[in-house]
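Please consider the structure shown below.

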Amino acid sequence: MENIGKKYAKSKLIFTFISLLALASGVVIGSSIFSNRGNRGNDKIDTIYELLKDRWLFGDDYDDLEVYLTDMAIGGMADGNKDPYTFYTSTYEAQNLTIDYRGIGIAHGYYGGNRIITTVFKDSPADLGGLKEGDVITGLYESSDDSAQFISFSSLSAQETIDAFNNYNDEKIKMRISHENIERDVTIAKDYYTQYAIQDVEVIEEEETTVVVEIQNFMDSGMIDDFKQVLDEVIEKKGVIDRLVIDLRNNGGGRTDLASSLASLFVPKNSIVVQYQTKSKLEVEYNRSTPRYENTVKKINFLQNNQTASASEMVILALKDNLPDKVDVIGTYSYGKGIRQQVLVFYDGSALRFTDAYVLSPNGYSIHNIGIKPTIDKIKYDYDLMNYYGEIGFVTKEYREKILHQINGVLGEEYASYEEALEQFLADLPYNQFNYEVGRLLQQLGYDMYLNAMEEAMEIAIHE
């Protein structure tokens, strides 16, 4: 009986402790628990919305609580899913579906600890200020004042170099530029500029007439007229264009209607331009007119890279499938964004961009998450060589394998051992172990190899 009594006393103690814990939790949670078991979908959203609007303690912290709650609800639905291309913004401008910008007018990428200018937009402040593609930005001044402190990118992480530009509040950007190892300070004032679709045109007159047209985007509504004007002027003088090179490298796409219009200048009448597979049906778009350049453009070569995406890929597919004997694709695999999106703009200026269909080629296949394989497959380049592993803090097994891959790519070897490869890579360098400088050097060399590959691709496009 004594043991039973002790067991009962212990159980009573545990019960008392749990009761006190429940009481404490009740004080935190509140004196009532709402029951809404029968509501689903919109009822559930409406209930939460009304509850927070009327009873949320921190509701007064927001200037317009109803707008805030609405944006949060829509944002949760649009952003919290597996589709990275469906998202909601509080303003249409934040969708970045424009060609009008304010800034200095450059795009830049990471380059061995610095930033390399990858694009200078035509007639932008940077263009007018003399900046060129391939210029290396080694750092920024804190402001455009003569006494401003210089911040070297060599002391910043890769992300911090991006943040340095994004957080630059001065109306003038003062930077240090390196070109062929000669450094100079440049100050560029921010201003408005337009990213026209056609950035550059070159007419090469040798034994044959070759026209190279660089198209940066499919957002410029004047692109089709500008494109036709370029070709028509050459045809008027020469009668035909022997080879048309359409450079779509780094073209992230834009409006599908512009892509269809461009493709329809070339694909045969009544042929399929593009197909869209929605949730409920297959939409087929045909070219209903005689192509403008059916007989005046003999050969078409596309240039692409891993940033050629969306509407750019749509144009390539349209011509490649319809004109296989006339069209070639040169470069590396494209990005592989084979989907269509729609934009819904609300009365208050907010906007929802959402995916509503797969884009299929005229022959009915998808390149989504795959990309377009070049038809002239002479450019061998691995984009992993451009990656940077210098800021990981320590070298894990995973990163050892990636660094080994980079070293083999740069040296053109097939070392199986990370230690052996690193030793050979560092043989002529003042380093004795992997560190940030080695990682940055690998990335820079990888980028240089990429630039050489793109120059080779252009040569092939012009002459084959």
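The following text describes the strand with its pairing partners, and then the surroundings of the residue.

This is a predicted model, in which local features need pLDDT of at least 70 and side-chain atom pairs count only at pLDDT 80 or more, while totals for chains, interfaces and linings use all residues. Residues are numbered from 1 along each chain as its sequence is written, and side-chain values use heavy atoms, with hydrogens and water left out.

Helices (H or I, at least four residues) and strands (E, at least two) are DSSP runs, numbered from the N terminus.

Strands pair if DSSP finds at least two bridges between them. Strand E12 (residues 243-247) runs parallel to E15 and is joined to it by 4 bridges; Ile246 has Phe302 as its bridge partner. Strand E16 (residues 327-331) is also parallel to E15, with 5 bridges, and Leu303 stands opposite Ile330. Between E15 and E16 the chain passes through helix H8 (residues 311-322) in a right-handed β-α-β crossover, meaning that, with the strands pointing away from the viewer, the path from the first strand over the helix to the second runs clockwise.

Helix H11 (residues 436-463) contains Gln443. Gln443 counts as buried because its relative accessibility is 2%. The side chain of Gln443 reaches the backbone oxygen of Met386 at 3.2 Å. Leaving aside neighbours within four places in sequence, Gln443 is in contact (heavy atoms within 4.5 Å) with residues including Tyr110, Tyr111, Asn387 and Gln406.

Technical notes:
Buried < 20%, exposed > 50% of the residue type's maximum accessible area, 1.4 Å probe, protein only. Polar contact = N/O pair within 3.5 Å; in protein donor to acceptor, adjacent residues only side chain to side chain.
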